[in-house]
Amino acid sequence: MTDATRNASSSKDRVLIFDTTLRDGEQCPGATMTFEEKLEVADVLDAMGVDIIEAGFPIASDGDFEAVSAIAKRIKRATVAGLARAISADIARAGEAVRHAAKPRIHTFVSTSPIHLEHQMRKNEDEVLEIITKTVAQARNLVEDVEWSAMDATRTPIDYLCRTVEAAIKAGATTINLPDTVGYAVPDEYRAMFRQIRERVPNADKAIFSVHCHNDLGLAVANSLAGIEGGARQIECTINGIGERAGNAALEEVVMALRVRGDVLPYDTGIDASLLTRASKAVSTACSFPVQYNKAIVGRNAFAHESGIHQDGMLKNQTTYEIMTPESVGVSKTSLVMGKHSGRAAFRSKLKEMGYDLGDNQLEDAFTRFKALADRKKHVYDEDIEALVDENLASAHDRVRLVSLTVIAGTRGPQRATMKLDVDGRFVTEEAEGNGPIDAVFNAIKAIVPHEAVLELYDVHAVTEGTDAQAEVTVRLSHEGSSVTGRGADPDTLVSSAKAYLVALNKLVAKGVRLHAQAAAE
Ligand code: KIV
Ligand code: ZN
């Protein structure tokens, strides 16, 4: 145990929470976030008490570099890390990006497994050892806090893994991460790996060990906890478990497992669990990635009790079917909120209670939309307010906005949409036909803003119950290998479809896709 992980106020060991939502999470198809969205997510992570925020992969693109630099300048409490391959230019770029952080970290990695060495790196073991020594030393010359990761550690023979870890610590790494990159390990194995490495590597006491688990077999959280039992004291995880392929270990799940089962897992984190739901929503909004209904801790059904027996038990005593309270993870009970007569002050205080802290302009926008919704919808619930505020935040920097939409639909085709968009401050109107009303809506957008992006996913669900419920639509567009997701909500499914499509389109634009907006402005 090191000072960094010894908890002064409790007999429990402190486990550091390293959040990689903005790096490994953002890498997953469709989860792209804009610059502003990344800053918003970083703020939530910092407020929640995350110890290390991995803000991105600075060499990957100028956009990534700018986001990591801005987060490094902005975040005053957490450590800010930038990822780098074991390449000199990567490390220099990561060092440059985190230079202004109050607590900068460079996280560099190289593959160590025979499969990766033979097929990907085409290097032998000794060559990789040399690379580790050189690159970790380079990073250590730039910052004090250097993390080194053995990519595909769980498929690396233990003798060689010991040699790589020893070399990395000798060269100056202060954190050693042993990822289950392909989600292949089982808990006993992963626990044993950390025990062996910590026993066999002579300088192991000079570093903090870290777990980083992918969820290909659904074992990411179980493996992370097993790694902690094996002596690791840092968990790399993401909000909502987003990440490459099946995702990473979910932050909210590891944090609550440690909290709820402190009797058998005697470890503390510095996370304020009452902000978990807020963080989940912020990430889901930023990347327009829906959270599955039955997702542990933050899914909308996580605290819902449907069967008669369960409801009966809950009414008698909450502990019959709840191992943690919804309030402990920041879930406020669904409640009927204000109607069309509610004023600004009540709306502001409702937002505050729901965990939103909006600036004056954002509040004004949200209030206008709330009033419009209250005019059309009998009951306005917390979920409705959430949907409209989140949408507001997601579209704050959009270049293309929906002004109006009229659709003619029904049994007598073809369906026809007339749409007015605001493109960079110019109003453009178009009419288009389609094979169904949604196709017509999307064709109208394409007529105004021609683009080559392909529609990969279209999904719709109701925000609350009732036929006047808002429809929440998710749209995923892909363009030249990168995909983005957009979400929109409105009582009218066609309007939410248009909004969702435009959110995704705006994200592509933010990523550098050029707009060819029609010249004919009104
Ligand atoms: O899964 C992995 O191995 C990674 C490394 C870059 C740490 O994400
Ligand atoms: Zn990973």
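**Notebook: ligand site, zinc ion and sheets**

Entry 1. I began with ligand 1, which is surrounded by R23, D24, H107, F109, S149, M151, N177, P179, T181, H212 and H214; a residue is listed if one of its heavy atoms lies within 4 Å. This is a predicted model, where local features need pLDDT of at least 70, side-chain atom pairs count only at pLDDT 80 or more, and totals for chains, interfaces and linings use all residues. Residues are numbered from 1 along each chain as its sequence is written, chains are lettered from A and ligands numbered from 1 in the order in which they are written, and side-chain values use heavy atoms, with hydrogens and water left out.

Entry 2. Next I looked up polar side-chain atoms facing oxygen atoms of ligand 1. For T181 I found 2.6 Å. For R23 the distance is 3.0 Å, and for H214 it is 3.0 Å.

Entry 3. Which residues coordinate the zinc ion (ligand 2)? I found D24 (OD), H212 (NE2) and H214 (NE2), at 2.0 to 2.1 Å. Donors here are N, O and S atoms within 2.8 Å of the metal (3.2 Å for Na, K and Ca), and water is not among the atoms, so sites may look incomplete. Along the chain the donors follow the spacing D-x187-H-x1-H.

Entry 4. Are H212 and H214 buried or exposed? H212 counts as buried at 5% relative accessibility, and H214 is buried at 4%. Buried means under 20% relative accessible area, exposed over 50%, and partly exposed in between (1.4 Å probe, protein chains only).

Entry 5. I then turned to an open sheet of three strands, ordered β11-β12-β13 with antiparallel pairing. β11 (400-408) and β13 (426-434) stand at the edges with a single partner strand each, so one side of each has no neighbour in the sheet. Strands are DSSP runs (E, at least two residues), as are helices (H or I, at least four), numbered from the N terminus; two strands pair if DSSP finds at least two bridges between them. β12 (residues 415-423) and β13 share nine bridges, and T418 has E431 in β13 as its bridge partner.

Entry 6. My last stop was β15 (residues 471-479), where eight of nine residues are buried. A471 of β15 stands opposite A462 and opposite D490 in β16. β15 and β16 form a hairpin with two residues between them, and E480 in the turn has a positive phi of about 45 degrees.

Technical notes:
Polar contact = N/O pair within 3.5 Å; in protein donor to acceptor, adjacent residues only side chain to side chain.
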